[in-house]
Amino acid sequence: MEHETTAAQDRSLPRRPVLAVGGAAAAAALLAACGGGGTGSTAGGGDSSSSTSSGSASPSSTASDSGSGSAAGGALVQLADVPVGGAVSAKAPDGKPIIVAQPTAGKAVAFSAKCTHMGCTVKPSGAKLQCPCHGSQFDALTGKVQHGPAQAPLADFPVKVEGGAVVAG
C-alpha cells in the first residue's frame with residue numbers, strides 16, 4: 001500500500017509551478033484587459049492609433065451650423081449638451097467611444113476616446129481628458145498629449161454641426 005501512495009505522489013504536479021503558471025495567466029489576462037489590444041507598432045510617427053474609430057488623417061473638423069439634414073448615423077450628441085471649452089463622451093455610429101468637444105460656441109471637434117498609450121478609454125474632466133489606466137492626460141479641445149505616458153495625440157474623428165446636433169462628418 002505504501003508503494004501506491006508514493007507512486008501517486010510522484011505523478012502529482014508540484015504546488016509551486018502550478019501556482020506560478022496560474023499567477024502568470026492571471027497577470028496576462030490583467031494586462032490584456034488594460035491594454036485593450038491597441039499596442040500595435042508605434043515606430044516613427046505611425047502612432048495615430050491602430051484602433052481608431054475612423055481612418056481619418058484630416059485635422060479635426062470644425063463645423064458650423066449647416067441647414068442640410070443628411071446626418072449619417074444620426075446625432076452623436078446635441079451641441080447644447082457639450083459645454084463651451086469642455087467635452088463629453090459619446091459613441092460613434094459604429095459604437096466605438098469618442099470624445100466630442102466645443103472649443104468655441106457653435107463649433108465642434110471630436111476624437112477617438114482610446115488612449116494612444118495602451119488603448120484605455122479616456123474620460124472628460126473639464127478641458128482635459130484623463131486616462132484612468134496609466135494617468136495620461138490630453139487636451140479636450142485639441143486631443144494633444146499634456147502628460148504621458150502617451151506620446152501621440154488622440155486620433156481625430158470628423159464631425160459637423162447640423163440643426164443643433166453634432167453628427168459624424
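Q: Which cysteine holds the sulfur closest to that of C115, and how far away is it?
A: In this predicted model, C115 is buried, with a relative accessible area of 2%. A disulfide requires two cysteine sulfur atoms within 2.5 Å. The closest cysteine sulfur is too far from that of C115 for a bond, for it belongs to C131 and lies at 3.9 Å.

Q: Is C131 buried or exposed?
A: A residue counts as buried when its relative accessible area is under 20%. The value for C131 is 5%, and C131 is therefore buried.

Q: Which two cysteines form a disulfide?
A: A disulfide is a covalent bond between the sulfur atoms of two cysteines. The structure has one disulfide by the distance rule. Its sulfur atoms are 2.1 Å apart, and they belong to C120 and C133.

Q: What is the handedness of the disulfide of C120 and C133?
A: The torsion about the S-S bond is the value to consider, and for C120 and C133 it is about -105°. The disulfide is therefore left-handed.

Q: How many residues apart in sequence are the parts that C120 and C133 tie together?
A: C120 lies in the loop between strand 4 (109–112) and strand 5 (123–125). C133 lies in the loop between strand 6 (128–130) and strand 7 (137–139). The pair therefore ties together parts that are 13 residues apart in sequence.

Q: Which side chains meet in a salt bridge?
A: Side chains of opposite charge can pair when their charged atoms come close. The structure holds one salt bridge. With an N to O distance of 3.4 Å, the side chains that meet in it are those of E162 and K160.

Note on methods
Residues are numbered from 1 along each chain as its sequence is written. This is a predicted model: local features need pLDDT of at least 70, side-chain atom pairs count only at pLDDT 80 or more; totals for chains, interfaces and linings use all residues. Side-chain values use heavy atoms; hydrogens and water are left out. A salt bridge is a side-chain nitrogen of Lys or Arg within 4 Å of a carboxyl oxygen of Asp or Glu. Helices (H or I, at least four residues) and strands (E, at least two) are DSSP runs, numbered from the N terminus. Buried means under 20% relative accessible area, exposed over 50%, partly exposed in between (1.4 Å probe, protein chains only).
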